[in-house]
Amino acid sequence: MTEFEKHKKELRARAMKLPLHPGVYLMHDKSGKIIYIGKAKALKNRVSQYFGSDKNHDEKVRQMVAHVDWFEYILTDSEFEALVLECSLIKQHTPKYNILLKDDKGYSYIRVSKGPWPRISEAKQIADDGAEYIGPYVSGWSVKQSVEAAQKIFRLPTCNRVFPRDIGKGRPCLNYYIKQCCAPCRGKISEEEYREAVQDAINFLRGGSAESVRELTRRMEEAAEKLEFERAARIRDYLAAIKKTAERQKVVCSKIPEQDVIAMTQGSGKTCFQVFRFENGRLTDRETFFINGTGMPKAVRGEFLERYYSMRDRIPPRVTLDGPAEGQELLSRWLSEKAGRKVTITVPQKGEQAKLADMCRNNAAEQLAQATGRTGREASALDELARLLGLPEPPAYIESYDISNLAGEENVAGMVVFENGRPLRSAYRRFKIKTVVGQDDYASMREVISRRLEEYEKNKDSGEGFGRLPDLILLDGGKGHVAAVQPILDAAGYNIPLFGMVKDDRHRTRAIAKNGGEIAINSNRSAFTLISTIQDEVHRFAIGYHRQLRKKSTISSTLLSIEGVGPVRAKALLKRFRTVAAIGDADLQELIETPGITEPAARNIYNYFHPESKDD
């Protein structure tokens with residue numbers, strides 16, 4: 001027993017003596033620093049879990065436990081008091097292994113540069129540069145969205161060209177051709193007209209779209225009366241652009257006037273939370289938080305809510321989540337007391353609110369994808385797959401298996417690997433079935449998985465290829481395949497999630513099989529697309545190997561039927577000529593020159609393919 005195991009055993013023995021009472025526990029390292037703070041309904045049960053088996057712990061918890069030297073605890077009268085105390089202590093000590101969110105909510109400004117050709121942009125602070133600053137605004141996201149909308153509506157340039165220096169130099173960029181820039185670089189707009197467009201954009205940003213529409217409509221009618229049709233047409237285009245922008249904004253709205261929508265996605269050792277804040281039924285702000293590590297979604301979501309609202313004064317009457325949070329009722333009570341009114345935490349299953357939660361989660365997936373080098377679709381599909389299968393986190397490394405044979409002949413298997421939602425072809429493997437005679441897919445699959453696990457034991461120190469265990473195994477087959485293979489994993493002591501991929505009569509994916517049942521897949525979901533892709537790929541790979549062996553078998557049987565040609569000479573012929581047809585077309589001298597082929601054997605081969613020459 002190692003020193004760490006002895007110390008862990010001592011900590012567990014101490015934890016088992018704790019009372020079954022609500023309270024807060026504080027974990028310390030060797031230097032005495034607090035590295036984790038948690039709450040518990042029953043201290044004995046909660047704290048002792050840390051020092052028992054680590055099979056159900058995620059990597060973050062295992063790391064924390066490895067650094068615990070001693071712990072202390074504080075009793076409270078209720079679990080609610082424990083929650084309040086926990087939040088206060090975390091804010092005070094900022095322990096390393098608790099979720100700690102950086103409150104970077106500062107003020108944002110709209111910057112209007114000086115000079116004859118001013119530019120509008122977003123700024124985080126006021127600089128002493130002579131520019132005009134409008135603000136401050138609390139939501140940096142809103143400022144960014146508004147500035148981008150104003151630039152598109154009023155066709156203001158966003159490039160790095162300097163005017164008037166670059167007027168007439170070079171061709172206009174793409175924005176000009178898609179009518180999102182007035183292209184001063186072409187010299188088609190005067191300085192006066194440009195300044196008027198900038199002023200209209202500033203009025204739009206200051207007064208909002210409704211006031212801008214009224215003012216622009218008045219000016220358009222006035223220009224038309226004065227027969228200034230070009231100017232009237234330009235204003236008409238502004239009004240049309242404002243209308244389109246407003247229509248797009250209506251897509252992101254809610255019948256509930258004030259609420260926060262919070263969603264999360266996990267993958268590649270990171271967790272991303274997205275927060276949508278709604279006021280007056282419209283999306284007014286958006287925040288993104290990245291957390292190192294992953295964990296059980298319910299627990300991570302609950303801890304995030306605690307940390308997020310510990311640093312926010314504004315608490316809406318409703319918080320909408322994309323999934324359940326640990327201690328949800330307790331958190332609702334805490335938020336209600338903090339806000340001084342009732343706060344409801346909900347997890348919608350259908351309707352408008354469910355769609356908003358899905359949209360929020362998709363945005364979290366997109367942000368995580370950008371941070372980890374994946375696409376938003378891949379991150380979303382893996383996150384959705386984890387939810388569908390009840391996995392603690394998205395499976396970054398998936399292995400899939402399929403058996404292929406023809407009436408029990410040339411029995412083979414294919415293994416494909418998907419890493420972060422993409423095929424990892426360098427990790428694909430082929431298996432020739434060795435112990436199964438005839439057609440028995442269950443026995444063949446058992447052999448393949450057994451051999452796979454044996455290879456892991458031989459190569460686990462490398463951490464690559466067979467030396468890496470998958471986060472998920474998918475079999476091309478139903479619950480019978482799963483039931484046949486699950487005992488192999490159990491006997492080896494590997495807790496790897498195992499599921500089957502079930503096809504319909506048209507050979508299309510229709511469900512996920514588990515031991516004892518099936519999980520239906522909605523064909524509109526991204527998880528369905530991923531599963532279908534994996535199933536098609538493993539089937540293609542397995543059947544391709546089977547056909548290759550059948551072809552080789554046919555070729556070999558043809559050559560071996562020739563007198564004087566055995567396996568070695570057949571191999572030598574195929575190595576030089578590649579195909580049986582090429583061997584048949586070869587002349588006698590070419591056959592004689594083939595390494596390992598004697599002259600008598602060459603004559604037999606030639607005569608086999610040219611029977612008419614036997615009499616010559």
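**Close-up views of a predicted model**

**View 1. The loop that holds P164.** P164 sits in the loop between helix 5 (140-153) and helix 6 (174-177). Helices (H or I, at least four residues) and strands (E, at least two) are DSSP runs, numbered from the N terminus. The peptide bond from F163 to P164 is cis, with omega near 10°. This is a predicted model: local features need pLDDT of at least 70, side-chain atom pairs count only at pLDDT 80 or more, and totals for chains, interfaces and linings use all residues. Residues are numbered from 1 along each chain as its sequence is written, and side-chain values use heavy atoms, without hydrogens and water.

**View 2. Helix 4 against helix 9.** Helix 4 (residues 79-93) packs with helix 9 (residues 297-310) at an angle of about 65°, and their axes lie 11 Å apart. Axes are lines fitted to C-alpha atoms, for helices over the stretch in contact, and angles run from 0 to 180 degrees between N-to-C directions. L83, E86, C87, I90 and K91 of helix 4 make the contact with E306, R307 and S310 of helix 9 (heavy atoms within 4.5 Å).

View 3. T94 lies in the loop between helix 4 and strand 4 (108-112). Its phi is near 40°, a positive value in a residue other than glycine. T94 counts as partly exposed because its relative accessibility is 46% (buried is under 20% relative accessible area, exposed over 50%, partly exposed in between; 1.4 Å probe, protein chains only).

**View 4. N280, between two strands.** N280 is in the loop between strand 8 (270-279) and strand 9 (282-292). N280 is not a glycine, yet has a positive phi of about 55°. At 72% relative accessibility, N280 counts as exposed.
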